[in-house]
Amino acid sequence: MSYIKGLKCRECGTPYPVAPLAICEECFGPLEVDYDYEAIKRTLTREAIASRPKTLWRYRELLPIEGEPTVGLQTGCTPLVRAEGLAKALGVRELYIKNDAVSHPTLSFKDRVVAVALSKAREFGFEVVGCASTGNLANSVAANAAAAGFTSYILIPDNLEKSKVIGTQIFGANVIPVRGNYDDVNRLCSEIAGRYPWAFVNVNLRPFYAEGSKTFGFEIAEQLGWQAPDAVVVPMAGGALITKIYKGLNELAQLGLIEAAGTRFYGAQATGCNPIAAAVKAGTREIRPVKPQTIAKSLAIGNPADGYFATGVITSTGGWSEDVSDAEIVEAIKLLAQTEGIFAETAGGTTLAVTQKLIAQGRITASDRIVIAITGNGLKTQEALTLAELDSIEPKLSAFEALLAGKKTVLAAAS
Amino acid sequence: MAQTVIIPTPLRRFTDGVETVEVQGTTVGDIFNQLESRFPGIRARLCEDNGDLRRFINVYVDGEDIRFLDRLQTSVSERAEVSIVPAIAGG
């Protein structure tokens, strides 16, 4: 059963049929899926959702496929961790980590969008899929394409972390590093998509793909006992995730599954690539593109396609946006690891460091119920970290005890 | 000497499906005017009524975003490649 009425331009409202289209021919605005919420309301109840398997497909009516899902059947329902240790370190009362660092199958929230995009690609009859990616999307498209029997073409900037390249190649994908940054890759990908009849998940399948991100928000609300948080802090690259979490919570409110969502949305960027944060701080919605220079490569999009909408979500909900230095990102990765046992990638460090900044500014307060979006795994961005060199010892108890005595001396001297 | 303009899919209905168009111009704005005279209606898709580039369109001259240059006044050298690219999602 389909709950999709069609596609609609987000800017000018021009309607389009359900097809692999992403851009309005009238104004170039992004196309969005238009749902039949009245029909959805009849079947999507809290009880119905609770009775379904713990995957993102439990919110099936609010995802843009016609038939049954065929890709990413085990994805979603990652943990929402009550972060007591981190809350204490930050001086706040109620803090949660939505942990997509353990997403199935490729350890980032991109598994959500790819599950939806490739299920849709199959419905449209595509055999070849692809993407432009800063790494996490590359991993997920390659893995899910392998499992679902698609051929994949993955275009990435040529300076990506090694783990993200290996984590794409291993699945037998056609990986094409492009000399340039993500914005260069994006432009090329868009031109390729105009010439080849392939499903580029974030180009011609973008309206469907992006809907998968809503499930991040659906799960937060369900895991909080069908309540929206007071504040959510979300990393921003292209700006799609924050706008889709917002849309997701609003859909739940519209369907009566939660009370009206009064959540304030906070966007996190690295100072080395902060076009959205800079716009919010300057009080404008116009995005001035930048040339990225940051260790947070998964956020290094200098010309964010959804930046205009992200600033709208942030300002209209009473939120804010901040950016942090590479050094602050590294310190926050360590803090999260050492208080919660969660190893996040650089984007996660960015999000936590920005949260700290927002608390210091008084924009997020100690009494807020706060959710931090951790969207990727630290094992993929190890190059960003330099930890202490480790000295090895002989396999003798005496050697161990000498080491321990040495450590005690150091500790005593330090105190 | 001419420049090559790469026409994105949503605009090819104006160019009878043609993907690349040869033009001769000195600035991006100049090139847009030439496109308009050959394919009437195309400029209104690229620019707002006040003449500014539309929000969701990116224009590149030899790979450089004209928002980093002089926008529509950006000069275009001989044999330059001008790409018109819709804004697309992150990844």
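So, the interface: 33 residues of chain A are in contact with 25 residues of chain B, where contact means that the C-beta atoms, placed from the backbone, lie within 7 Å. Before I go on, this is a predicted model, where local features need pLDDT of at least 70, side-chain atom pairs count only at pLDDT 80 or more, and totals for chains, interfaces and linings use all residues. Residues are numbered from 1 along each chain as its sequence is written, and chains are lettered from A and ligands numbered from 1 in the order in which they are written.

Back to the side of chain A that touches chain B. β6 (128-132), α7 (182-193) and α8 (206-211) of chain A each give it at least two residues. Those labels are DSSP runs numbered from the N terminus, with helices being H or I of at least four residues and strands E of at least two. Which element supplies the largest share? That's α7(A), with five residues. By class, this side of chain A has 17 nonpolar, nine polar and seven charged residues. Here Ala, Val, Leu, Ile, Met, Phe, Trp, Tyr, Cys and Pro count as nonpolar, Asp, Glu, Lys and Arg as charged, and the others, Gly among them, as polar.

Now the partner. Chain B has two helices and five strands, running β-β-α-α-β-β-β along the sequence. Its radius of gyration is 12 Å, close to the 12 Å from the globule rule for 91 residues, so chain B is as compact as a globular protein of that length. For the record, that radius is taken over C-alpha atoms, and the rule is 2.2 Å times the number of residues to the power 0.38. The C-alpha trace of chain B spans about 35 × 30 × 30 Å along its principal axes. Of the 91 residues in chain B, 36% are buried; buried means 20 or more other C-beta atoms within 10 Å of a residue's own, exposed means 12 or fewer, partly exposed is in between, and the C-beta atoms are placed from the backbone.

On to helix packing in chain A. α9 (residues 214-223) and α10 (residues 240-254) of chain A pack at about 50°, axes 7 Å apart. Axes are lines fitted to C-alpha atoms, for helices over the stretch in contact, and angles run from 0 to 180 degrees between N-to-C directions. α9(A) and α10(A) are therefore oblique to each other, given that under 35 degrees is roughly parallel, over 145 roughly antiparallel, 65 to 115 roughly perpendicular and the rest oblique.

α10(A) also packs on helix α12 (residues 307-316) of chain A, again at about 50°, with axes 8 Å apart. Here A:I242, A:T243 and A:Y246 of α10(A) meet A:F309, A:A310 and A:V313 of α12(A). That contact has five nonpolar, one polar and no charged residues.

Most residues other than glycine have a negative phi, and most peptide bonds are trans. The bond from A:H104 to A:P105, though, is cis, with omega near 0°. A:P105 sits in the loop between β5 (94-99) and α4 (110-124) of chain A. A:L107 lies in the loop between β5 and α4 of chain A too, with a positive phi of about 65° despite not being a glycine. Is A:L107 buried or exposed? Buried, with 23 other C-beta atoms within 10 Å. In chain B, B:R71 has a positive phi of about 50° and is partly exposed, with 15 C-beta neighbours inside 10 Å.

How values were computed:
Two residues are in contact if their C-beta atoms, placed from the backbone, lie within 7 Å.
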